[in-house]
Amino acid sequence: MTLTIHDRPGVSAVSDHLWMHFTRLASKDASDTAVIVRGEGPYVFDVTGRRYLDGLSGLFVVQVGHGRPELAEAAARQASELAYFPLWSYAHTPAIELATRLASMAPGDLNRVFFTTGGSEAVETAWKLARAYYRRTGRPQKYKALSRYDSYHGATMGALSITGLPDARIDFEPLVPAVVRVPNTNYYRRADRSLDPVGFGLWAADSIAEAIEQEGPETVAAVFIEPVQNSGGCIPPPPGYLQRVREICDHYDVLLVSDEVICGFGRLGADFGALRYDFRPDIITCAKGLTSGYAQLGAMIAHERLAEPFSTGDDLFAHGLTFGGHPVAAAVALANLDIIEKEQLNSHVEANSSVFRSYLDRLGDLPLVGDIRGDGYFFGIELVKDKKSRETFSTEEKERVLRGYVSKALFDGGLYCRADDRSDPIIQLAPPLICDENHFAEMEEILRAVLSEAANLL
């Protein structure tokens with residue numbers, strides 16, 4: 001007889017059959033694996049009924065919180081009317097309405113929307129469009145991409161090639177060639193301590209120009225940048241950095257791709273990070289918060305001129321995805337954007353980001369807390385062995401302290417967030433946009449208890 005999860009709360013089926021993502025198969029006994037069965041507002045509940053504050057919005061996704069009946073009802077209505085039809089030579093109403101809405105939200109002339117099912121595919125689509133665009137305009141040699149050290153842009157082979165995390169790439173090499181790394185904007189880890197934020201930002205941006213010159217401007221198609229870089233720990237742009245990158249891309253005729261898979265739809269207190277920081281990309285890639293996770297959907301939003309070479313004759317952009325722009329997902333996205341607008345969540349985040357930051361800043365008195373950085377509802381806490389020297393953890397210490405204690409202790413304390421050791425050890429926090437000061441205080445209390453104890457493990 002096959003037992004269900006509800007028959008046995010220990011859930012050995014987790015280890016028997018479910019292959020979890022980015023999870024060590026040997027790292028968890030079945031009895032240690034939390035099984036989440038319900039969500040309500042900013043909280044989720046496991047199979048035993050225990051409540052956890054969702055300090056990561058699932059995975060930077062659930063902007064409007066869990067358990068919103070409006071979104072479930074939008075999905076049900078659409079599924080009962082038209083559950084599926086492709087966008088291959090045909091269209092359907094939800095995709096048309098959502099594309100129109102996204103074009104109205106995006107900055108400038110970014111008004112061509114290509115739907116995917118997630119962020120990796122959106123990044124993949126952007127690189128393919130950049131290559132195809134330059135090929136169509138007589139410059140087939142422009143195919144290379146630039147991305148920043150420690151950046152993460154997705155798990156598919158093209159997006160993983162753009163990703164700047166060596167450990168994420170090594171098992172799958174050789175990857176797609178022709179990606180060049182440039183410095184990120186981690187001011188805390190800058191090599192030249194004499195630089196102020198503006199000077200550091202200009203240095204980091206000019207490093208992109210140097211890389212383009214070294215590769216040959218005639219070979220570079222696109223620069224991929226997150227407004228606030230996720231991996232490496234919620235790294236914000238220094239003042240003037242993104243504007244300078246725009247100038248460099250214009251000078252060398254290189255496309256600027258703003259990867260907003262995390263940063264879009266209110267995470268930074270604006271519809272897009274490009275609007276938050278007042279710069280003009282050629283392409284935006286987005287997903288996650290577009291539907292608040294109630295369905296799977298991503299998109300590439302491109303400047304009108306990038307569509308022009310495909311707009312005449314019998315030419316086409318030879319790319320497509322079976323479930324891209326799924327009608328149910330598009331209907332959910334429209335309902336989700338309605339909630340964000342109706343409840344003024346962008347303004348809510350903008351007004352409360354400094355309050356969120358103030359609670360995290362209180363943790364600065366702890367011996368392991370080196371830097372607190374981020375923007376909107378998207379912050380990282382970098383942990384260090386020594387605050388004065390900024391010495392980071394060894395591989396063994398990250399394993400023992402971050403993986404072995406901090407991650408589990410935070411969850412056991414009632415806070416779901418992310419302890420990330422892919423570069424320097426980071427705790428990432430990105431709660432649903434509906435959160436307020438009470439939730440920030442709850443996070444600070446749990447973090448203080450766990451990080452205070454973690455210091456003793458060193």
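Two strands pair if DSSP finds at least two bridges between them. Strands here are DSSP runs of E with at least two residues, and helices are runs of H or I with at least four, each numbered from the N terminus.

A word on the model. It is predicted, so to speak of local features we need pLDDT of at least 70, side-chain atom pairs count only at pLDDT 80 or more, and totals for chains, interfaces and linings use all residues. Residues are numbered from 1 along each chain as its sequence is written, and side-chain values use heavy atoms, leaving out hydrogens and water.

Strands to begin. β2 covers residues 43-46 and β3 covers residues 51-54. They pair antiparallel, over three bridges. F45 has R51 of β3 as its bridge partner. Four residues sit between the strands of this hairpin. There, G49 takes a positive phi near 95°.

What does β3 join through two bridges? Strand β13, residues 415-416, and the two run parallel. Opposite D54 stands Y416 of β13.

Now the helices. α13 spans residues 345-361, and α15 spans residues 437-456. They pack at about 20°, axes 9 Å apart. Axes are lines fitted to C-alpha atoms over the stretch in contact, and angles between N-to-C directions run from 0 to 180 degrees. Therefore α13 and α15 are roughly parallel, a label for angles under 35 degrees.

Who makes the contact, meaning heavy atoms within 4.5 Å? From α13, N352, V355, F356, Y359 and L360. From α15, E437, F440, A441, M443, E444 and L447. That contact divides into eight nonpolar residues, one polar and two charged. Nonpolar covers Ala, Val, Leu, Ile, Met, Phe, Trp, Tyr, Cys and Pro; charged covers Asp, Glu, Lys and Arg; the others, Gly among them, are polar.

Definitions and conventions: Parallel < 35°, antiparallel > 145°, perpendicular 65-115°, else oblique. Contact = heavy atoms within 4.5 Å.
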